[in-house]
Amino acid sequence: MSEQLLPIVRLEHLTFTGDDAKPVGIEFGGGLTILYGGSNAGKSYSLAVIDFMLGGDRPAILDQGSEYTRILLGLAFDNGRAVTLERARKGGEIKLYEGVAPDGNLAGRTGTVISPKHGSGKNGSVSELILNYVGIDGARVASTEAALLVPFSLRHFMPYIAIDETRMFSAESPTVVSPKNGPTLNKNVFRFVLTGQDDSDVIQVPNEAALKASNNGKLELLDEMIGELDASLAVADLEALDAAIERHSERRDDFGTALAAIQQRLDTAAQERRALLDTLDGDRSKVGQLLAMKARFLELRDTYQTDIRRLEAIEEGGFLLQRFEDQPCPMCGAKPGDQHLPHELGDLDRQHAAAQAEIGKIRKDMRGLDAALAGIETEHEALELRIEFTSGQIREKDVVITHLRPEEAAGRTAYQTVAERLSQLENLSDVRTRRAALQVRRDAIADARVGRQKADGLMIGIDGSTGHKFAQVVQEVLIAWEYPGVEAVTWDQQRQDIAINGRPRGQNGKGVKAVFHSAFAIATLIYCRTNRLPHPGFVILDSPLVTYRKPIHYKKHGELAADERAVAQTSLDRAFYRHLAGLGELGQIYVIENNDPPQGLPPDVRVIQFSGESGEGRQGLFPA
């Protein structure tokens with residue numbers, strides 16, 4: 001595939017399985033696949049089943065093949081991924097398996113449940129699986145002129161990619177998504193397909209009916225609200241309300257001023273008391289520190305006195321040693337006869353002098369210590385005096401606070417009483433104001449005239465330029481199919497359809513309508529792919545060449561009309577298949593027909609024949 005083209009999805013196989021039945025189905029070619037043959041062989045049923053597997057309605061279960069209970073649809077993506085969708089023929093959720101399974105064997109694979117409905121399911125839906133891959137994620141289109149937005153889903157694309165017999169022969173525009181939808185949705189879906197522009201940015205407005213209903217509901221609600229407010233105002237003297245509010249406002253201000261003055265005095269007294277308490281706590285803490293310091297100094301003084309007594313004892317011992325030389329040594333305790341070295345008098349003198357010096361030093365330190373103790377005592381006495389004074393001031397503040405508190409409480413009560421009454425009066429004034437505003441709103445809604453609503457900025461359908469470009473692609477397709485006498489294909493804005501040589505598509509015979517409808521679908525594929533617009537990438541056409549029917553064999557379609565007979569005399573069928581066979585790069589096409597395809601088709605075209613109940617070979621979709 002060319003790098004310039006967006007990714008697409010291709011059909012790989014459609015397979016039916018049952019517990020006691022051999023799998024049967026169809027394998028599709030990568031480009032053009034043709035399924036032809038006798039009637040009632042299940043050809044058209046294959047289209048209905050593909051639509052069902054992609055989220056459409058459940059087709060009836062035919063008597064033939066009723067033993068097949070499950071359907072498998074294989075899909076291949078351009079990125080190399082392939083998946084198989086499995087769904088019960090009776091309906092329900094869809095299971096997604098990785099890889100294709102044309103033989104119907106899913107043994108050993110783990111499936112993921114996805115929803116057939118767009119926007120639902122824990123693991124997403126088949127619609128989102130395909131649209132997200134081809135480049136459509138979260139698109140929304142307006143379904144009404146009031147811009148009621150709906151998510152764009154694969155169901156919106158189906159009229160352009162799966163055209164059954166009923167749609168093929170219908171005179172309705174090919175853009176009709178469903179009979180349940182209005183023209184706005186049909187037009188905007190086609191606009192999104194051909195332009196890629198959705199309506200997500202358009203702001204929805206109420207439509208005429210909704211707006212009228214909304215206004216009636218608003219009037220009822222406003223009447224109810226006005227009635228409730230009237231009940232609240234019934235007990236009020238509305239004429240004297242403003243004067244009462246002014247009077248109570250002045251009283252509140254007076255009480256507030258008086259209360260503020262009392263509160264200021266009370267706050268000041270409390271702050272001063274707090275400061276005094278902090279001072280008292282600080283002084284008491286200092287007293288504790290002084291007492292601890294005094295205790296340490298007294299202990300040090302005792303140590304000094306002990307040291308002095310010890311030194312005086314040493315001094316006295318030296319004197320005794322000089323006097324009693326024949327006595328045991330007072331220093332080492334040795335007896336006179338055991339003393340190795342006699343103690344010289346000079347050693348004793350030096351010892352005596354050292355003791356005297358140390359005693360003097362200690363007594364000097366003691367004098368400094370006594371001075372420090374005296375200072376501590378003085379500071380202690382000063383702190384005790386200040387503590388007593390501060391305690392007296394605190395008691396005075398307590399008296400002031402005790403006196404002010406009842407006065408402040410009485411003032412606050414008076415203020416709150418008048419403030420509450422003022423609030424009640426102001427609430428009544430607010431109710432009166434709200435009542436007047438609601439009455440204005442009610443009168444405006446009652447007088448308003450509702451017309452048809454259209455959202456600002458909403459463009460409905462394609463513009464003339466886009467319609468012309470698309471019509472040119474349809475014309476190129478018809479020329480490639482060698483449709484006789486094509487001179488001009490135009491876009492009919494009113495009918496939302498094409499006109500060939502000035503004649504609307506829907507005014508032709510059944511077979512000609514089918515050719516034109518098929519050209520419309522193929523042109524949509526070509527237009528989207530060549531303009532890099534998202535498209536699923538496959539198109540299914542059921543009975544596009546019914547104009548080549550033999551009425552004797554296909555009675556349900558009736559006799560050929562004049563325009564059908566003219567086409568039937570041409571080789572359009574050969575050119576039709578030849579052209580479709582050459583579109584393999586753009587997408588995949590599955591054609592369902594009754595008549596034999598022409599000979600000489602390219603080898604990559606996959607041709608499948610159902611011979612019918614009386615034929616040879618494969619008789620139909622299911623075994624006879």
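## Helix 2 and its end

G135, with a positive phi near 110°, follows helix 2. This is a predicted model: local features need pLDDT of at least 70, side-chain atom pairs count only at pLDDT 80 or more, and totals for chains, interfaces and linings use all residues. Residues are numbered from 1 along each chain as its sequence is written, and side-chain values use heavy atoms, with hydrogens and water left out. Helices (H or I, at least four residues) and strands (E, at least two) are DSSP runs, numbered from the N terminus.

Helix 2 spans residues 126-134 and is mostly covered, with 7 of its 9 residues buried. Buried means under 20% relative accessible area, exposed means over 50%, and partly exposed lies in between (1.4 Å probe, protein chains only). The buried residues of helix 2 are V126, S127, L129, I130, L131, Y133 and V134.

## The largest pocket

The largest pocket has a volume of about 1500 Å³. A pocket is found on a 1 Å grid over the protein atoms alone: it is an open set of points where a 1.4 Å probe fits, with protein on both sides within 12 Å along at least five of seven lines. Lining residues have an atom within 4 Å of a point. Grid points are joined across faces, edges and corners, and the volume is the space filled by probe spheres set on the points.

The lining counts 47 residues. Nearest the pocket centre lie D51, G56, D57, R155 and D164. Helix 1 gives the largest share of the lining, 6 residues. Helix 1, helix 3 (154-161), helix 4 (165-169) and strand 15 (588-593) each supply at least two lining residues. By class, the lining has 16 nonpolar, 18 polar and 13 charged residues. Here Ala, Val, Leu, Ile, Met, Phe, Trp, Tyr, Cys and Pro count as nonpolar, Asp, Glu, Lys and Arg as charged, and the others, Gly among them, as polar.

## S46 in helix 1

S46 sits in helix 1, residues 43-53. Its relative accessible area is 0%, so S46 is buried. The side chains of S46 and Y590 form a polar contact of 2.9 Å. Such a contact is a pair of N or O atoms within 3.5 Å; within protein, one must be able to donate a hydrogen and the other to accept it, and residues adjacent in sequence count only if both atoms are side-chain atoms.

Contact in general means heavy atoms within 4.5 Å. Not counting residues up to four places away in sequence, S46 touches L14, I26, L35, Y590 and I592.

Strand 5 (residues 82-88) has 6 of its 7 residues buried, so the rest of the structure largely encloses it. Strand 4 (residues 70-77) runs antiparallel to strand 5, joined by 7 bridges. Two strands pair if DSSP finds at least two bridges between them. G74 has T84 of strand 5 as its bridge partner. The hairpin of strands 4 and 5 has 4 residues between the strands, and G80 there takes a positive phi near 100°.

Strand 5 also pairs with strand 6 (residues 94-98), antiparallel over 4 bridges. E86 has K95 of strand 6 as its bridge partner. This second hairpin has 5 residues between its strands, with G91 at a positive phi near 110°.

An open sheet of 3 strands has the order 11-12-13, with antiparallel pairing. Strand 11 (489-492) and strand 13 (503-504) stand at the edges with a single partner strand each, so one side of each lacks a neighbour in the sheet. Strand 11 and strand 12 (residues 497-500) are joined by 4 bridges. W491 has I498 of strand 12 as its bridge partner.

Which residue in the loop between strand 11 and strand 12 stands out? Q496 lies there. Its phi is positive, near 55°, in a residue other than glycine. Q496 is buried, at 5% relative accessible area. E482 has a positive phi of about 65° and is not a glycine. E482 is in the loop between helix 9 (464-480) and strand 11. E482 is partly exposed, at 39% relative accessibility.

## T530 in helix 10

T530 belongs to helix 10, residues 510-530. T530 is partly exposed, with a relative accessible area of 48%. Its side chain reaches the backbone oxygen of I526 at 2.6 Å and that of Y527 at 3.4 Å. T530 and Q4 are 526 residues apart along the chain, yet their C-alpha atoms are separated by 8.5 Å.
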